[in-house]
Amino acid sequence: MPIEYVAESVVEVLDIPYSKATDMAMFAKYQGFSCLGTWTRKECLSKGELLKSRDLECRLIAFNEGMCDGEIIPSDRTNSDLVSLSWD
């Protein structure tokens, strides 16, 4: 799957700049996954379904105290879940 397609899909669903979406897509391609962000569980499910409808593999990772450092989950979102993009 072209990186450009993945980046465009991420831009449309997450409403982030194309350059950031490209970085996330490249990271996922070469590392196998990329953390896309944190939202409420309902928002994560919605965004995940939209990404899956574009044939992207993503998963929802439920928040678990101590699972990530503060760089991934901002302190104001400690009750949020993560959406992760996977690359085959």
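1. Let's begin with one term: a residue is called buried when its relative accessible area is under 20%, exposed when that value is over 50%, and partly exposed in between. Cys44 has a relative accessibility of 2%, so Cys44 counts as buried. Please keep in mind that this is a predicted model.

2. Now for the overall picture. The protein has 3 helices and 3 strands, and along the sequence they come in the pattern α-α-β-α-β-β. Of the 88 residues in the protein, 38% are buried. The protein exposes about 5500 Å², and 49% of that area is supplied by carbon and sulfur atoms. If you look at contacts between residues at least 6 apart in sequence, 59% of them join residues at least 24 apart.

3. Which residues of α1 are buried? They are Ile3, Val6, Ala7, Ser9, Val10, Val13 and Leu14. These residues cover an arc of only 160° around the axis, so they sit on the same side of α1. Here is the general idea behind such a pattern: an α-helix has 3.6 residues a turn, so residues three or four places apart point the same way.

4. Asp15 belongs to the loop between α1 and α2 (18-31). Its phi is near 55°, a positive value in a residue other than glycine. Is Asp15 buried or exposed? Asp15 has a relative accessible area of 71%, and because exposed means over 50%, Asp15 is exposed.

5. A second residue to check in this way is Asp55. You will find Asp55 in the loop between α3 and β2. Asp55 is not a glycine, yet it has a positive phi of about 65°. With a relative accessible area of 61%, Asp55 is exposed.

6. Next, helix α3. Its 12 residues, 41-52, should span 16 Å at 1.5 Å a residue, and the end C-alpha atoms are 16 Å apart, which agrees. Where do the buried residues of α3 lie around the axis? The buried residues are Cys44, Lys47, Gly48 and Leu51. They cover an arc of only 105°, which puts them on the same side of α3. Lys42 and Glu49 are on the other side of α3, where they are exposed.

7. How many disulfides does a search of the whole structure find? The search finds 0 disulfides. Cys44 is in no disulfide, and the nearest cysteine sulfur to it, that of Cys35, is 9.2 Å away. Cys58 is in no disulfide either, with the nearest cysteine sulfur, that of Cys44, 9.7 Å away. Like Cys44, which is buried at 2% relative accessibility, Cys58 counts as buried, at 6%.

8. At 5% relative accessibility, Ser34 counts as buried. A polar atom of the Ser34 side chain lies 3.3 Å from the backbone oxygen of Met24.

9. Thr40 is in the loop between β1 (33-39) and α3. Thr40 counts as partly exposed, because its relative accessibility is 40%. Thr40 and Ala62 are 22 residues apart in sequence, and their C-alpha atoms are 9.8 Å apart in space. For the second pair, go to Leu60 in strand β2 (residues 57-61). Leu60 is partly exposed, with a relative accessible area of 27%. Leu60 and Thr38 are 22 residues apart along the chain, and 9.6 Å separates their C-alpha atoms.

Terms used:
Residues numbered from 1 in each chain as written. Predicted model: local features only at pLDDT ≥ 70, side-chain atom pairs only at ≥ 80, totals over all residues. Heavy atoms only, no water. Helix = DSSP H or I, 4+ residues; strand = E, 2+ residues; numbered from the N terminus. Expected span 1.5 Å × (residues − 1). Buried < 20%, exposed > 50% of the residue type's maximum accessible area, 1.4 Å probe, protein only. Arc of directions from axis to C-beta. Disulfide = S-S within 2.5 Å. Contact = heavy atoms within 4.5 Å. Areas by Shrake-Rupley, 256 points an atom, 1.4 Å probe, with all protein chains shown as cover. Polar contact = N/O pair within 3.5 Å; in protein donor to acceptor, adjacent residues only side chain to side chain.
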